[in-house]
Amino acid sequence: MKTKLTDIASVVRSKNSGPYELTLDVIFNEFEDFEKVERGGFIDEKLICSLYNVTPDKIVSIVAFPPAKAIKATIKRPLCSGDLGETDVYGAQQHAPLLGLEFDI
């Protein structure tokens, strides 16, 4: 049975991590769900590359932070925040691809 990320995470967000990077945060409701997703390796390089159409060299880090029941991924932005053609200066709308995730946990 699939579990939707939006059912087990209280926060799914994105934000700038400086003008050249974007951070994606997932904060889980329960520690057990955080552990299952983290231990299962569901939010990994392959997933982030697929969702955000980036190559592995564009991933700065993917970090689990157990005290906050959180997983954080940081990627290089395709365009600098505020550059001509850039559409989300604050990086606050980039979490949308994460919202459709489902896991076998």
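Predicted model: local features only at pLDDT ≥ 70, side-chain atom pairs only at ≥ 80, totals over all residues.
Reader: Which residue just after H3 takes a positive phi?

Author: Asn-53 does, with a phi of about 50°. Residues are numbered from 1 along each chain as its sequence is written, and side-chain values use heavy atoms, with hydrogens and water left out.

Reader: Which residues of H3 are buried?

Author: In H3 (residues 45–52), they are Leu-47, Ile-48, Cys-49 and Tyr-52; buried means under 20% relative accessible area, exposed over 50%, partly exposed in between (1.4 Å probe, protein chains only). Their cover includes strands S3 (21–28), S4 (59–65) and S5 (70–76).

Reader: Why is Asp-33 said to have no salt bridge?

Author: A salt bridge needs a side-chain nitrogen of Lys or Arg within 4 Å of a carboxyl oxygen of Asp or Glu. The nearest side chain of opposite charge (Lys and Arg count as positive, Asp and Glu as negative; His and the chain ends are not counted) is Lys-36, 4.5 Å away, so Asp-33 has none. Asp-33 lies in helix H2 (residues 31–40) and is buried.

Reader: What does Asp-33 touch?

Author: Leaving out residues up to four places away in sequence, Asp-33 touches Ile-8, Phe-28 and Ile-105, where contact means heavy atoms within 4.5 Å.

Key: Helix = DSSP H or I, 4+ residues; strand = E, 2+ residues; numbered from the N terminus.
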